[in-house]
Amino acid sequence: MTTRLNGNASPNYDRLVAYLRDRFDDDLRWVASFDTERYDYTVQYVRPDLQTELSTHEFDTVVHRSIGLFRRPYVESVYTHLGPARTMVVEHERATAVHLYLSDTEGVIIKVKAGNAISIPTFADDCLAQLVGELSP
């Protein structure tokens with residue numbers, strides 16, 4: 001199933017961040033929304049200690065590389081035989097990155113400390129419900 005926002009729905013990032021902070025507490029590292037068409041992003045949340053650990057340049061580099069490498073059309077072209085991409089999860093030694101695709105050009109990246117259980121598709125469904133409520137096919 002391809003995730004699409006309702007026609008009038010705007011993502012509610014405050015509600016998503018509140019949900020993630022409640023679920024992961026200090027294990028939530030950061031949340032950023034992105035738009036690949038404009039090659040732009042907005043930091044929705046960053047854990048306070050990471051604000052000093054990650055310089056603006058380092059954060060820009062991480063997010064821009066994520067936008068470039070993991071954009072939905074590219075991921076779908078690699079795995080064309082599997083159908084539309086909805087979520088991509090990358091597990092690192094220190095953190096897990098979850099990319100939720102809201103459309104072909106927009107999405108959100110969630111970074112959580114490694115070791116936290118993230119179950120797909122339940123986690124994606126829960127996050128999308130916080131962002132937009134009802135989804136349309």
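Analyst: One definition comes before the questions: rings of Phe, Tyr and Trp pair if their centres lie within 6.5 Å, and planes over 60 degrees apart count as edge-to-face. The model is a predicted one.

User: How many aromatic pairs does the structure hold, and what is the geometry of Phe-24 and Phe-123?

Analyst: The structure holds one aromatic pair. Phe-24 and Phe-123 form it, with 6.0 Å centre to centre. Their planes stand at 65°, and planes over 60 degrees apart get the label in question, so the geometry is edge-to-face.

User: How many residues apart in sequence are the parts that this pair ties together?

Analyst: Phe-24 belongs to helix 1 (residues 13-24), and Phe-123 to helix 5 (residues 122-132). The pair therefore ties together parts whose separation in sequence is 99 residues.

User: Is Phe-123 buried or exposed?

Analyst: Buried means under 20% relative accessible area. Phe-123 has 1% relative accessibility, so Phe-123 counts as buried.

User: Which backbone oxygen does the side chain of Arg-72 reach?

Analyst: Arg-72 is in helix 4 (residues 72-78). Because its relative accessibility is 1%, Arg-72 counts as buried. At 2.7 Å, its side chain reaches the backbone oxygen of Ala-85.

User: What is the area of the nonpolar surface patch that includes Leu-82?

Analyst: Leu-82 sits in the loop between helix 4 and strand 3 (87-91). With a relative accessible area of 61%, Leu-82 is exposed. Together with Tyr-74, Val-78 and Tyr-79, Leu-82 makes a nonpolar surface patch of about 420 Å².

Notes: Residues numbered from 1 in each chain as written. Predicted model: local features only at pLDDT ≥ 70, side-chain atom pairs only at ≥ 80, totals over all residues. Heavy atoms only, no water. Helix = DSSP H or I, 4+ residues; strand = E, 2+ residues; numbered from the N terminus. Buried < 20%, exposed > 50% of the residue type's maximum accessible area, 1.4 Å probe, protein only. Polar contact = N/O pair within 3.5 Å; in protein donor to acceptor, adjacent residues only side chain to side chain. Patch = residues over 30% accessible without salt bridge, like charges linked within 9 Å, V, L, I, M, F, W, Y side chains within 5 Å. Areas by Shrake-Rupley, 256 points an atom, 1.4 Å probe, with all protein chains shown as cover. Salt bridge = Lys/Arg side-chain N within 4 Å of Asp/Glu carboxyl O. Phe/Tyr/Trp six-rings, centres within 6.5 Å; stacked < 30°, edge-to-face > 60°.
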